[in-house]
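Please keep the sequence and the coordinates in view while reading.

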Amino acid sequence: AAQLPARAPAARLRPAPLSRRRRGPRAPRPARARAEPRRPRPALRPAGCMHCGPPDMVCETKIVAAEDHEALPGAQKDARLAAAGARWPPLPAAPPPAPAPGPQPRGGAGGAGPPGGRGVHIREFRAAEQEAARRIFYDGIMERIPNTAFRGLRQHPRTQLLYALLAVLCFALTRSLLLTSLVPAGLLGLRYYYSRKVVLAYLDCALHSDMADIEQYYMKPPGSCFWVAVLDGNVVGIVAARAHEADNTVELLRMSVDARFRGKGIAKALGRKVLEFALLHNYSAVVLGTTAVKVAAHKLYESLGFRHMGSSDHYVLPGMTLSLAERLFFQVRYHRYRLQLREE
């Protein structure tokens, strides 16, 4: 019989080391705060870039400066702001655009800027400019005919109500829509006729009084003066000043600018000339009265510092006859302005 191989001796069981012994459940370890990754150190810069820094450093500097700025008291804050403003000078003004090539309109390109700039200046009236000043005054007053007839109607609600009642009365009497629709057109036509009639009478009165001889009326008497705005040798605006010794005031009047040169600040420069005249001669205030309908004229007076003192619907314009038809179809509102220069 074949012999079976001898069995290997059984391995002796050894006790497991202490590190391998079975232990109970471990207590959970407290979670460690994850360390933030270190920010890479900025690379060395050459000596020529001492004032250049990475974007993140610039942002941090702005945030810290803002927090410190809020914590500063008022005096230190103002000092810091002043120092910062002195560090960066303001940007230079942009150069004016070059004039477009081609023929220039009458008056040249110098009138495009504000008065006192290139080509425009204010000076006293000369006798040779009599007709030019009268023409500008005439054109400015003639513009008030449509303004008073049509735009001025918005300032008189009672007249609007009266015209509406006339239209209703026409429909009640005629029962005709065609005739009733013609009533507003007829009323506006009558307003234009009487506005032209009154304004032409006013012009005739002015052109035969102070505007007939400007030098005699404004340049020779003390406390009065007349100025013109000149652009490339052409008169484009006028204004006058007349003193009232009773209340130590100066009245601004006869202000007008050629329609082709408006919107360039010429009227404001003329008004300032009157204010300088009043200050130079120690007058206490400058006053003016106007029947202008355009809002731009009133904004001009307010921009010069004038204060609206009130208005009246019962002003009698030179040349008015005060007839019933004239009162019905011509209304004008007179506004008073005053600029106090010093207290009496």
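**Cavity, pockets and selected residues**

By the rule applied here, one cavity of 30 Å³ or more is counted. The model is a predicted one. The largest cavity holds about 40 Å³ of space. Its lining consists of Thr148, Gly152, Gln155, His156, Thr291, Ala292, Val293, Gln331, Val332 and Arg333. By residue class, this lining divides into three nonpolar, six polar and one charged.

The open spaces come next. The largest pocket has a volume of about 1,200 Å³. It is lined by 46 residues, and those closest to its centre are Arg144, Met255, Thr290, Ala292 and Tyr301. Two or more lining residues come from each of the helices α3 (130-142), α4 (144-149), α6 (177-207), α8 (266-280) and α9 (295-303), and likewise from the strands β4 (249-257) and β5 (285-290). Strand β4 provides the largest share of this lining, with seven residues. In terms of residue class, the lining of the largest pocket comprises 26 nonpolar, ten polar and ten charged residues. Ala292 has a part in two of these spaces: it is among the residues closest to the centre of the largest pocket, and it also lines the largest cavity.

Of its 18 lining residues, His156, Asp313, His314, Arg327 and Gln331 are the closest to the centre. Helices α5 (157-174) and α10 (324-329) each contribute at least two residues to this lining, and α5 gives the most, with four residues. The classes here are nine nonpolar, five polar and four charged. His156 and Gln331, named among the residues closest to the centre of this pocket, are also found in the lining of the largest cavity.

His335 is located in strand β7 (residues 334-340). Is His335 buried or exposed? Its relative accessible area is 10%, and because the cut-off for burial is under 20%, His335 counts as buried. The side chain of His335 makes a polar contact of 3.1 Å with that of His308. Setting aside neighbours within four places in sequence, the residues in contact with His335 are Leu288, Gly289, Thr290, Ala292, His298, His308, Gly310 and Ser311. Two of these contacts, Thr290 and Ala292, are among the residues closest to the centre of the largest pocket.

The cysteines raise a question of covalent links. A disulfide is a covalent bond between the sulfur atoms of two cysteines. How many disulfides does a search of the whole structure find? The search returns zero. Cys170 is buried, at a relative accessible area of 18%, whereas Cys205 is partly exposed, at 41%.

Arg175 is not a glycine, yet its phi is positive, at about 55°. This arginine lies in the loop between α5 and α6. With a relative accessibility of 65%, Arg175 counts as exposed, because the threshold for that class is over 50%. Leu322, likewise a residue other than glycine, has a positive phi near 60°. Its place is in the loop between β6 (307-312) and α10, and a relative accessible area of 38% makes Leu322 partly exposed.

A further loop residue, Ala127, is situated between β1 (120-124) and α3. Ala127 is partly exposed, with a relative accessible area of 48%. Although Ala127 and Met219 are 92 residues apart in sequence, their C-alpha atoms are 9.8 Å apart in space.

The chain has 344 residues, of which 32% count as buried. Among contacts in the chain with a separation of 6 or more, 69% are between residues 24 or more positions apart.

Conventions: Residues numbered from 1 in each chain as written. Predicted model: local features only at pLDDT ≥ 70, side-chain atom pairs only at ≥ 80, totals over all residues. Heavy atoms only, no water. 1 Å grid on protein atoms, 1.4 Å probe; cavity = no way out; pocket = protein on both sides within 12 Å on 5 of 7 lines; lining within 4 Å. Points joined across faces, edges and corners; volume = space filled by probe spheres on them. Nonpolar A, V, L, I, M, F, W, Y, C, P; charged D, E, K, R; others polar. Buried < 20%, exposed > 50% of the residue type's maximum accessible area, 1.4 Å probe, protein only. Polar contact = N/O pair within 3.5 Å; in protein donor to acceptor, adjacent residues only side chain to side chain. Contact = heavy atoms within 4.5 Å. Disulfide = S-S within 2.5 Å.
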